Protein chains: 2
Amino acid sequence: MSPSQPPPTRPHRVTAADVAKKAGVSRSAVSRAFTEGTYLDKEKRVSILQVAADLGYRPNALAAGLQAQGRSNLVAVVTGDLANHYDGEILAKLIHRLRDLGKWPMVIGGGEMTESDVLGVLGFPLDAMILRGGSVPDQVVEECLKLQIPLIVSGRVLDRPGVDSVCCDNETGAELAVGALVAAGRRRIAYLGGRQDLTSDRERRAGFVAAMAAAGLTPVALFSGDYSFDGGASQARQLLTQHPQIDGLFCANDAMALGAIAIAGQECDRKVPESLSVIGFDDIAMARWPAIALSTIRNDMDETVSQMMRLLSARLADPDSPSRVIRIPPEFIARNTH
Amino acid sequence: MSPSQPPPTRPHRVTAADVAKKAGVSRSAVSRAFTEGTYLDKEKRVSILQVAADLGYRPNALAAGLQAQGRSNLVAVVTGDLANHYDGEILAKLIHRLRDLGKWPMVIGGGEMTESDVLGVLGFPLDAMILRGGSVPDQVVEECLKLQIPLIVSGRVLDRPGVDSVCCDNETGAELAVGALVAAGRRRIAYLGGRQDLTSDRERRAGFVAAMAAAGLTPVALFSGDYSFDGGASQARQLLTQHPQIDGLFCANDAMALGAIAIAGQECDRKVPESLSVIGFDDIAMARWPAIALSTIRNDMDETVSQMMRLLSARLADPDSPSRVIRIPPEFIARNTH
DNA sequence: ATGAAAGCGCTAACAA
DNA sequence: TTGTTAGCGCTTTCAT
């Protein structure tokens, strides 16, 4: 209304223009000062950076990302359920390694998978999307491909053009487990599975069945759980009740194995490993705890993440390269439960 | 060189302009079609959305965030070490609740805390930054305040203008633990602490000391660990060796309590709770596992996250409101280890 | 070496 | 109700 009223304008974020004015140079000079390998007088650069520091200026990454076509440095990470320790542990490594590549992880998922969230994040011009474990709605995959956003999948294989996957060789892992159980003298062996809608479970199950057959054995039972401790416990209760004769148990992941061991000891009067051998899958940190010392199949996280980063870099460098599937070899880790 | 060579231009992301042209409307009409509560002919909106869907268009969130001053919907989350289950569990809830608010979480930290990462993320015009646990470099706090970025701190209290905190009432928690140990008939009680550089440990320690004094008891020992299972185990080994007479142990978090219980049973021939009571802190999911059934002090995650979201919303609505500190009341959860 | 100017894709104030 | 216009803050030719 009247010019006497100074607008109580909240001091906006310092921009390159502010720095330019204060330093007596052009906006472009400021931009150059923050970019390696650009023509700019050595002294001038120093003085600009000084002024910028005084003012508390830092380039707006949003504006930069908008400008740089196809290099927003934003990477969406759709994590599996963080209640699964494997997912939590691998997420930490993933975040760390993405930063090494200069990427910023936008993390979604972690519990109940909200499909709208993962579609919503596509609103950002992502450099890539990482799908960790879990069931990935097909629609999401379609949208990513339509938007030409590179997809790196881990924990399952998605053999499609433009999608790279890295996944444990689950069948081999199951074979190793059966081999170890047989070597321990077990013959009446059962499988305690995870969520049947996930390929990891299907592959481990198939590997188990095949290895048993190869060993001339018939599975005593094939159960399914949900990859959780509680699920493992309740399924193990039924399993040990209905089939008290079993002497070996291969579980689809470590959490279920721990649940099963708890039930065996507390409710079924079965000592592990004396009267029952149990082998898990993944080798989460807890499995290494001396008090637990779970025999398991290592699903190597460091190697998995390394390969994911390798695939990511390769695809970013050449978006049209053929899609790749990398299988990580598992390893049997002998501890105290078999 | 010659116009006969069609440039092998990688099809760019579909923009509002593309949709506008195809639909025969203006760019603004397209923008309006995607914004609730704008003037736009019903039919026209439908047809625009139809064309957009055909083309696979979705508004570029970067451009939108650049435009909307102070509403990028980006929130940086600096998480504590995900090897601590408490941090993992709360991160999952945090991500979920932030999405409910329409915010996108950029997650950093999770393991080795890289200070440059947390400074680097300030390049984005964040709506807010969430600091979860751990030690927060002062420089980070300064930069945030300088940039006028709201800071929500959890797991410690940072009583400064513009910073809101929500934190468990650690002293009361320690009192509850001592009370429970005393009620269980324990008198020779020790404290197995976490990282002394963290306020959570200092408060729990202080609360322990005060409660012991109030009960007319003298602590047998005050040890320090690192909040990890392994750290708890090795400290407990020393503790039980040097002070075999102790009959009660209050641990600074659940992980250390589990480590201590493991050592007690496996190496020191002390049955829990028969000859040694152990109480943890946090009430992580594992503490509830029947096989573990850890008596502990609940550090309510749902309530913590709810309050964080409340503080966040309030600060976003009024950036100048006085900073607030919310203390979450702890609760003793009696299970099988005391 | 450096400034001017164009544009990245979007929203919002202003006209019509 | 709708189109035109002006930025948001930055990077990058293009001149100079």
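A polar contact is a pair of N or O atoms within 3.5 Å, where, within protein, one atom must be able to donate a hydrogen and the other to accept it, and where residues adjacent in sequence count only if both atoms are side-chain atoms. By that rule, 16 residue pairs, both at pLDDT 80 or more, are in polar contact between chain B and chain A. The structure is a predicted model, in which local features need pLDDT of at least 70 and side-chain atom pairs count only at pLDDT 80 or more, while totals for chains, interfaces and linings use all residues. Residues are numbered from 1 along each chain as its sequence is written, chains are lettered from A and ligands numbered from 1 in the order in which they are written, and side-chain values use heavy atoms, with hydrogens and water left out.

## Chain B against chain A

The contact, meaning heavy atoms within 4.5 Å, takes 53 residues from chain B and 53 residues from chain A. Between them the two chains bury about 5,000 Å², with 65% of it on carbon and sulfur atoms; buried area is the accessible area (1.4 Å probe) that two parts lose on being put together, summed over both. In chain B, the residues that lose the most area to chain A are Arg58(B), Leu62(B) and Trp104(B), which together account for 14% of what that side buries.

In one salt bridge, the side chains of Glu143(A) and Arg58(B) meet at 2.7 Å, N to O. Glu143(A) lies in helix H7 (residues 138-146) of chain A and Arg58(B) in the loop between helix H3 (42-55) and H4 of chain B, so the pair joins two chains. Helices (H or I, at least four residues) and strands (E, at least two) are DSSP runs, numbered from the N terminus.

Returning to the 16 residue pairs in polar contact between chain B and chain A, the elements that give two or more residues to the chain B side include helix H5 (85-100), strand E2 (104-109) and helix H10 (229-242) of chain B. The largest share of that side, 7 residues, comes from H5(B), and the residues of the side divide into 30 nonpolar, 13 polar and 10 charged. In this grouping, Ala, Val, Leu, Ile, Met, Phe, Trp, Tyr, Cys and Pro count as nonpolar, Asp, Glu, Lys and Arg as charged, and the others, Gly among them, as polar.

## DNA strand C

DNA strand C is surrounded by 23 residues, of which the closest are Arg32(A), Asp41(A), Gln67(A), Ala16(B) and Ser31(B); a residue is near a strand if one of its heavy atoms lies within 4 Å of it. Of the atoms of DNA strand C within 4 Å of the protein, 64% belong to sugar or phosphate and the rest to bases. Helix H2 (27-33) and helix H4 (61-67) of chain A, together with helix H2 (27-33) and helix H4 (61-67) of chain B, each supply at least two residues of the surface near DNA strand C, and the residues of that surface divide into 10 nonpolar, 9 polar and 4 charged.

| Residue | Atom of DNA strand C | Distance |
|---|---|---|
| Ser28(A) | base nitrogen | 3.1 Å |
| Lys44(A) | phosphate oxygen | 3.2 Å |
| Gln67(B) | base oxygen | 3.5 Å |

## Domains within chain A

The domain assignment of chain A, automatic or from a database, gives domain 1 (16-59), domain 2 (74-169 + 301-329) and domain 3 (170-298). The C-alpha centres of domain 2 of chain A and domain 3 of chain A lie 28 Å apart, and 13 residues of domain 2 of chain A are in contact with 17 residues of domain 3 of chain A. The area buried between these two domains is about 1,100 Å², of which carbon and sulfur atoms give 46%. Tyr86(A), Cys168(A) and Asp169(A) supply 37% of the area that domain 2 of chain A buries against domain 3 of chain A, more than any other three residues. The count between domain 2 of chain A and domain 3 of chain A is 1 salt bridge.

## Backbone details

The peptide bond from Val272(A) to Pro273(A) is cis, with omega near 5 degrees, and Pro273(A) is found in the loop between helix H11 (254-266) and strand E9 (277-282) of chain A. In chain B, the peptide bond from Val272(B) to Pro273(B) is cis, with omega near 10 degrees.

Technical notes
A salt bridge is a side-chain nitrogen of Lys or Arg within 4 Å of a carboxyl oxygen of Asp or Glu.
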